[in-house]
Amino acid sequence: MTKIKDTDYMTISTRIRAMENKLLTRERMERMLEAHTDDEAVKVLSECGYGELTELTHTALDALLAQARAALYRELRSAVPDPGLVEVFQMKYDYHNAKVLVKAAAIGAEPDRMLMEGGRWSPARLRDAFQRDSLGDFSEPFRQAVLRARETLNAGNDPQRADFVLDRAYFQEMADTAKAVGSPFLQGYVRLLIDAANLRSAVRAARIGKGPDFLRQVLLPGGNVDVSVLSSGRGADLAAVFRAGPLGEAAAAGAALTSPGSGELTAFERLCDDAVMGYLAQARRIPFGEQAVVGYLYAREAEFTAIRTILSGRMAGLDSDTIRERLREAYV
C-alpha cells in the first residue's frame, strides 16, 4: 500500500482554509448571544452556511444540526486520501447509537428518537441490523462490543457496565484507526481524548468516594498518562500527574473539586475541552496535510455544540452571561 504523504492533502487543505471562513467565530457567538430576538440570533447561522431555521424549537434545531453533520462527514469522507481520518470522528455517533439500541432493547422502548446521524452507518441501517442480530457488515470491534454490552445488560448488570464496555471499545477503535491512518497528529489527538476522559473519571470517582477497584473498571488505556498512575484513587495527586501536559490547568481545577460538595464541575469540564481545542488549533499553522482536516472536523463538532448551547439557552430563557459561561474556546 502506497504511503499517504502530506502533499496528498494539498487540495483538501486549500478547500478547508476557505471553509474555515464560515466557522462560528467568537465574534459570531457574541452576536448570537446579544441578539435582541431569536430570529436575529438564528440569522447568524446563515453566514456559517446553515440552512434556514424557520422556527426555533428543539426539534427543528436537532434536525438542522443533524443535516449539517451528515453533510460534513459525507463531503469530507469522500475528499480525503484515507477515509479512516474522518471515521475517527464519526465513531462516537455509532457508539452512542449502540448504547441507545442496547438499552432500548433491554426495556422494550422505541430507540428512534435518541438515535443520531453522522456515524459511519446510518441510524436506520444500524437499528435494522441490531434488531435482526445481524451485525456482520459492521467493523469487528464494534460488533463485538455491541454483543458484549447486550450480554452484560441482559445478565441483569448495572446499565453503566454496558456503557463501560462500549466506551472502552470506542476509544480502542479510535486509537487503532488513527494508528492505521499513520498520522502522529491524529494519534496525539486520540491520546489526549483518552487522557481527558480518564481525568474526568478520576475526578468524578473521587467526588463519590470510589476507589482503585472502580477506577480500574472505568479508566481507559492508550493515553499519555498510564492508567496505573491514575488508579491509585488519590484525587489530590491529579494536578501533579498532568502538570506537564495540555491538561495541566484542567487537572489543577479538578483536583480542587475531588471532595464531596466541593463545587460545580462546569469550569473543569470547559478546561478539559479547551485543552483539546488548544492541541488542535496547532493545525491552523500547518499549510497543508492531514492536520487541516483533523482540526476542521473538531472545529465543526465544537461549533455544533456551541450552536446548541446558545440556542437552547435562549429557548430556556437564560441570560447571555449564563450561556457564555458554558461556551468553549473557539477554533478561530
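Contact here means heavy atoms within 4.5 Å. The structure is a predicted model, in which local features need pLDDT of at least 70 and side-chain atom pairs count only at pLDDT 80 or more, while totals for chains, interfaces and linings use all residues. Residues are numbered from 1 along each chain as its sequence is written, and side-chain values use heavy atoms, with hydrogens and water left out.

View 1. Helices (H or I, at least four residues) are DSSP runs, numbered from the N terminus. Beyond its neighbours within four places in sequence, E303 contacts K22, L23, L24 and Y50.

**View 2. Surroundings of Y50.** Residues up to four places away in sequence not counted, Y50 touches L45, L64, L65, A68, R300, E303, F304 and I307.

**View 3. The largest nonpolar core.** A nonpolar core is a set of buried Ala, Val, Leu, Ile, Met, Phe, Trp, Tyr and Cys residues joined through side-chain atoms within 4.5 Å. Of its 113 residues, those touching the most other members are Y50, F89, L186, Y189, L199 and L311. Helix α9 (residues 184–207) supplies the largest share of this core, 13 residues.

**View 4. Packing of helix α5 (residues 84–107) and helix α15 (residues 290–315).** The axes, lines fitted to C-alpha atoms over the stretch in contact, are 9 Å apart, and the helices pack at an angle of about 20° (on a scale from 0 to 180 degrees between N-to-C directions). α5 is therefore roughly parallel to α15 (angles under 35 degrees). L85, V86, F89, K92 and Y93 of α5 meet E290, V293, V294, L297, Y298 and E301 of α15.

Definitions and conventions
Helices (H or I, at least four residues) and strands (E, at least two) are DSSP runs, numbered from the N terminus. Angles under 35 degrees count as roughly parallel, over 145 as roughly antiparallel, 65 to 115 as roughly perpendicular and the rest as oblique. Buried means under 20% relative accessible area, exposed over 50%, partly exposed in between (1.4 Å probe, protein chains only).
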